[in-house]
Amino acid sequence: MNPSFEQTLVEVWRQTLVENAKVVVLGTERYPVRQTPKRRLREVDFVFDGNEIRGLEQNPDTKSRWAQMARSGKKVMQFLSEGRYVANVVDGKVTLYSGRTGTGR
């Protein structure tokens, strides 16, 4: 059985931020974890159900509530598809934005 979108996001979050993996493994696919040039935030591009998704570690220096959580020690990752935020994971809990699941429109 294939994992759900939410399960996949948690898996990417876990491997990247909890295990500090250099490569995220989803099934038979492997996706390298990079660091952004300026802030050295971890990010990983992967494919779910034919959609390209980017997982990006939350920048703790912004004014958002997600950044506040990151500053308080929580592990926060934002997920983008087609340049739009679609979800985030905070300490293993998924929040989807505006009903988008990343598996179509």
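Buried, for this talk, means under 20% relative accessible area. Keep that cut-off in mind for tryptophan 66. This is a predicted model.

Let's start with that tryptophan. Where is tryptophan 66? Its place is in helix α2. Its relative accessibility is 11%, so tryptophan 66 counts as buried. What does the residue touch? Set aside the neighbours within four places in sequence. Then tryptophan 66 is in contact with Gln58, Val76, Gln78, Asn88, Val90, Thr95 and Tyr97. Take Gln78 from that list. Glutamine 78 is twelve residues away from tryptophan 66 along the chain, and the two C-alpha atoms are separated by 8.9 Å.

Now the loop that follows this helix. Helix α2 covers 65-71, and glycine 73 lies in the loop between α2 and β5. Is glycine 73 buried or exposed? It is exposed, because its relative accessible area is 57%. Proline 60 is 13 residues apart from it in sequence, with 9.6 Å between the C-alpha atoms.

Step back to the whole chain. How many helices and strands are there? Two helices and seven strands. The order along the sequence is α-β-β-β-β-α-β-β-β. The radius of gyration is 13 Å, and the globule rule gives 13 Å for 105 residues, so the chain is as compact as a globular protein of that length. The C-alpha atoms fill a box of roughly 35 × 30 × 25 Å along the principal axes.

A few totals next. Of the 105 residues, 42% count as buried. Accessible surface comes to about 6,500 Å², and carbon and sulfur atoms hold 49% of that. Residues 24 or more positions apart account for 34% of them. On charge, the chain has 18 positive and 12 negative. Their mean positions are 8 Å apart.

Side chains of opposite charge can pair when their charged atoms come close. How many salt bridges does a search of the whole structure find? Nine. I'll show three of them.

First on my list, arginine 14 with glutamate 19. Their side chains meet in a salt bridge at 1.9 Å, N to O. Arginine 14 is partly exposed, since its relative accessibility is 28%. Glutamate 19 is partly exposed as well, at 45%.

Arginine 34 is partly exposed, with a relative accessible area of 30%. Glutamate 43 is the buried end of this pair, because its relative accessibility is 11%.

The other salt bridge runs from arginine 34 to aspartate 45, at 3.1 Å, N to O. What does this pair tie together? Arginine 34 sits in strand β2, residues 29-35, and aspartate 45 sits in strand β3, so the pair links parts that are eleven residues apart in sequence. Aspartate 45 counts as partly exposed, at 30% relative accessibility. And the chain of partners goes on. Salt bridges that share partners join Arg34, Glu43, Asp45 and Arg54 into one network.

Last topic: backbone angles. Two residues to check on screen.

One is aspartate 49. Its phi is near 55 degrees, which is positive in a residue other than glycine. Where does aspartate 49 sit? In the loop between β3, residues 42-48, and β4, residues 51-57. Aspartate 49 counts as exposed, because its relative accessibility is 58%.

The other is glutamate 82. Here too phi is positive, about 55 degrees, and the residue is not a glycine. Glutamate 82 is found in the loop between β5, residues 76-81, and β6, residues 84-90. Is glutamate 82 buried or exposed? Exposed, because its relative accessible area is 54%.

To recap. Tryptophan 66 is buried in helix α2. Arg34 belongs to a salt-bridge network with Glu43, Asp45 and Arg54. Aspartate 49 has a positive phi, and so does glutamate 82. The model is predicted. That's the tour.

Technical notes. Residues are numbered from 1 along each chain as its sequence is written. This is a predicted model: local features need pLDDT of at least 70, side-chain atom pairs count only at pLDDT 80 or more; totals for chains, interfaces and linings use all residues. Side-chain values use heavy atoms; hydrogens and water are left out. Helices (H or I, at least four residues) and strands (E, at least two) are DSSP runs, numbered from the N terminus. Buried means under 20% relative accessible area, exposed over 50%, partly exposed in between (1.4 Å probe, protein chains only). A salt bridge is a side-chain nitrogen of Lys or Arg within 4 Å of a carboxyl oxygen of Asp or Glu. The radius of gyration is taken over C-alpha atoms; the globule rule is 2.2 Å times the number of residues to the power 0.38. Contact means heavy atoms within 4.5 Å. Accessible areas come from the Shrake-Rupley method with a 1.4 Å probe; for residues, only the protein chains shown count as cover. Lys and Arg count as positive and Asp and Glu as negative; His and the chain ends are not counted. The place of a charge is taken as NZ of Lys, CZ of Arg, CG of Asp or CD of Glu.
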